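Here is a short report on one protein model. It takes up a disulfide, a strand and a helix in turn.

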Amino acid sequence: MKSIRIGTRNSALALWQAREVARHLQNNNYLTEIVPIVSSGDKNLNQPLYSLGITGVFTRDLDVALLNDEIDIAVHSLKDVPTLLPQNIEMIAYLERDYPQDILIRKESAKNKELHELKLATSSLRRRAFWLRHFPNTEFSDIRGNIQTRLQKLEDGDFDATILSLAGIKRMKMEIDYEMLPVMISAPSQGVIAVAGHSDKPEINEILRQINHKPTQICVEMERNFLSTLEGGCTAPIGAFAEIIEDQIRFTAALCSLDGKNCIAIDENFEYNPEENFGEKFAKVVLENGGKELMAEIKSQI
């Protein structure tokens with residue numbers, strides 16, 4: 001069989017993730033070739049993502065390459081992938097989740113400030129809303145770009161700290177001080193590398209299934225079902241995290257208003273049953289407990 005062409009964004013982190021997928025495939029004796037593709041999301045670093053008016057801003061160009069047979073598979077940070085996929089594209093494999101958490105990184109001049117005193121740089125509606133839930137008077141700035149760009153903006157900008165995904169820091173082996181943030185619930189499927197395939201390439205998709213990590217798949221599909229049931233295509237402050245603990249699954253999630261004042265949260269422990277759509281089930285609980293009105297309010301404000 002010829003080399004499997006692995007499509008990826010061309011940032012340092014995305015290339016690391018593509019090489020990780022290549023390593024798994026090579027361990028199974030398959031030849032691979034990495035094909036970097038510049039995404040629209042990487043080209044526009046000035047606007048916050050929610051103002052770009054589209055979902056899938058970081059995946060669209062890889063989708064096009066996959067559909068045009070320029071690549072055989074596409075590697076994504078799963079949290080960037082819309083829950084509704086283009087026709088003929090499907091998620092085939094999930095690598096084992098490593099670091100799902102959000103972390104706080106401060107500049108040196110803000111080391112001694114209390115959390116409620118910090119001026120924060122983040123463009124994420126989720127991070128803003130969940131932070132405001134605990135620190136309602138926080139002042140925010142928008143920040144975009146890869147990890148290195150954001151850290152440079154942190155040094156140069158008029159703010160004290162930023163919030164990043166721990167996965168990126170760890171994967172890049174960056175020696176940097178950070179603080180864990182128990183006030184945050186991760187974005188659905190944060191910390192997971194996923195591989196998309198074309199439905200017309202069953203032979204390659206079967207190869208991909210050999211590197212799939214089933215426990216991660218169970219958890220992230222639950223989180224994404226929760227997201228899709230709530231969201232309906234709207235970007236909203238939604239966190240969801242499922243983890244398998246012995247023979248149980250713990251599912252924590254929340255939907256928050258943009259100002260953080262109104263949050264509807266879920267925290268459930270249960271035995272997994274593959275026949276039941278738990279993500280959809282818990283999302284419906286949220287919708288029935290004020291989530292429907294809250295989602296309508298968020299949509300009107302964005």
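What is the torsion about the S-S bond of Cys-256 and Cys-263, and which hand does the disulfide have? The torsion is about 100 degrees, so the disulfide is right-handed. This is a predicted model: local features need pLDDT of at least 70, side-chain atom pairs count only at pLDDT 80 or more, and totals for chains, interfaces and linings use all residues. Residues are numbered from 1 along each chain as its sequence is written, and side-chain values use heavy atoms, without hydrogens and water.

The structure holds 1 disulfide (a pair of cysteine sulfur atoms within 2.5 Å). Cys-256 and Cys-263 form it, at 1.7 Å from S to S.

| Residue | Relative accessible area | State |
|---|---|---|
| Cys-256 | 0% | buried |
| Cys-219 | 5% | buried |

Cys-219 lies in helix α8, where Met-222 and Phe-226 are among the other buried residues. Helix α8 covers residues 214-231 (helices are DSSP runs, H or I, of at least four residues; strands are E runs of at least two; both are numbered from the N terminus). Cover for its buried residues includes β12 (248-256) and β13 (263-270).

Strand β1 (residues 4-9) has 6 of its 6 residues buried. Ile-4, Ile-6 and Thr-8 point one way, and Arg-5, Gly-7 and Arg-9 the other. β1 runs parallel to β2 (residues 32-37), joined by 6 bridges (pairing takes at least two DSSP bridges). Arg-5 sits opposite Glu-33 in β2.

Terms used:
Expected span 1.5 Å × (residues − 1). Buried < 20%, exposed > 50% of the residue type's maximum accessible area, 1.4 Å probe, protein only. Contact = heavy atoms within 4.5 Å.
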